[in-house]
Amino acid sequence: MDTASQIARYALVLALMAPLLGGALVIAPFSDRLGRRMVRAWNQAFLSTFGISFEVQYDIGPEQLEQGGIIVGLTQQSIIDPTVGFAAWDKPVNAIWNIEYALIPFFGWVSFILGWVIVRQNPSQSKRQIEKAAKYAANGGLVYLSAEGKRSVDGSLSPYKKGPVVMAISAQVPIFPVYMAGSRQCMPPGAWKIRPGKIIMRYLAPIPTTGMTYEDRHSLLERLRIVGEKEHSRWVIDRESVT
């Protein structure tokens with residue numbers, strides 16, 4: 001897409017923020033379900049505007065998510081990964097956001113209204129919020145976290161953080177590993193232009209944590225890393241076969 005087309009498309013999705021995300025701000029306190037549907041609609045409109053389609057695949061089946069748990073992104077290849085996630089999720093999913101994202105007009109504000117977990121660079125506050133998210137998952141909710149915690153610059157997997165596995169152990173809920181393929185080709189790190197394409201969001205077999213304790217965090221993280229590296233090698237980032 002040329003520069004003028006890109007700017008026009010950005011203008012369109014920004015214009016849709018007020019009726020959809022602004023509407024969600026008003027409606028969500030009274031209807032969480034409708035508020036989330038409006039957020040999902042905006043994310044879907046964003047992708048469609050730039051010619052991006054997505055497909056959700058499951059190793060086992062969508063029913064695996066019914067029990068609640070921690071959805072762990074195995075890699076972050078593009079800034080649009082969360083957009084695909086929120087466009088695809090047809091169930092309530094609470095993400096964990098840094099405070100700077102929560103301050104973004106409309107999208108960040110509605111995340112707060114919908115109960116997403118907002119953390120600051122404050123250890124005690126972060127700990128309380130993580131405990132809140134773990135309790136939500138233990139009660140049958142779904143929480144999304146990234147294993148890497150930041151976007152990959154060169155396409156390789158960054159070191160995994162312990163937060164997702166510690167949260168899953170604390171809540172005694174399964175980890176649902178999810179891999180996003182194709183997003184890097186649509187919007188590489190550092191780029192502002194978005195290319196049309198297809199993105200695959202693939203759920204791998206869940207990893208149970210029942211009976212595990214905090215002492216098991218390292219072995220569980222290693223197991224998650226093995227899953228991530230195996231799936232990552234399948235796609236070969238620079239030559240993905242996603243069309």
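## Crossing of H3 and H4

In this predicted model, helix H3 passes helix H4 in a left-handed crossing. The two helices pack at an angle of about 125°, and their axes lie 8 Å apart. Because angles over 145 degrees count as roughly antiparallel and those from 65 to 115 as roughly perpendicular, H3 and H4 are therefore described as oblique to each other.

On the side of H3, the contact is made by Arg40, Asn43, Gln44, Phe46 and Leu47, while H4 contributes Thr83, Val84, Phe86, Ala87 and Ala88. By residue class, this contact of H3 with H4 divides into six nonpolar, three polar and one charged.

## The largest nonpolar core

The largest nonpolar core has 40 residues, and those with the most contacts inside it are Val39, Phe46, Ile52, Ile71, Trp89, Phe107 and Tyr203. At least two residues of this core come from each of the helices H2 (17–27), H3 (32–49), H4 (81–88) and H6 (107–113), and likewise from each of the strands E3 (93–98), E5 (142–146), E6 (175–181) and E7 (197–203). Helix H3 supplies the largest share of this core, namely five residues.

## Surroundings of Ile71 and a separate core

When neighbours within four places in sequence are left aside, Ile71 is in contact with Trp89, Val93, Leu142, Val143, Tyr144, Leu145, Phe176, Val178 and Tyr203. Of these partners, Trp89 and Tyr203 are, like Ile71 itself, listed among the residues with the most contacts inside the largest core.

Conventions: Residues are numbered from 1 along each chain as its sequence is written. This is a predicted model: local features need pLDDT of at least 70, side-chain atom pairs count only at pLDDT 80 or more; totals for chains, interfaces and linings use all residues. Side-chain values use heavy atoms; hydrogens and water are left out. A nonpolar core is a set of buried Ala, Val, Leu, Ile, Met, Phe, Trp, Tyr and Cys residues joined through side-chain atoms within 4.5 Å. Buried means under 20% relative accessible area, exposed over 50%, partly exposed in between (1.4 Å probe, protein chains only). Helices (H or I, at least four residues) and strands (E, at least two) are DSSP runs, numbered from the N terminus. Contact means heavy atoms within 4.5 Å. Axes are lines fitted to C-alpha atoms, for helices over the stretch in contact, and angles run from 0 to 180 degrees between N-to-C directions. Angles under 35 degrees count as roughly parallel, over 145 as roughly antiparallel, 65 to 115 as roughly perpendicular and the rest as oblique. A crossing is left-handed if the near helix is turned anticlockwise from the far one by less than a right angle, and right-handed if clockwise. Ala, Val, Leu, Ile, Met, Phe, Trp, Tyr, Cys and Pro count as nonpolar, Asp, Glu, Lys and Arg as charged, and the others, Gly among them, as polar.
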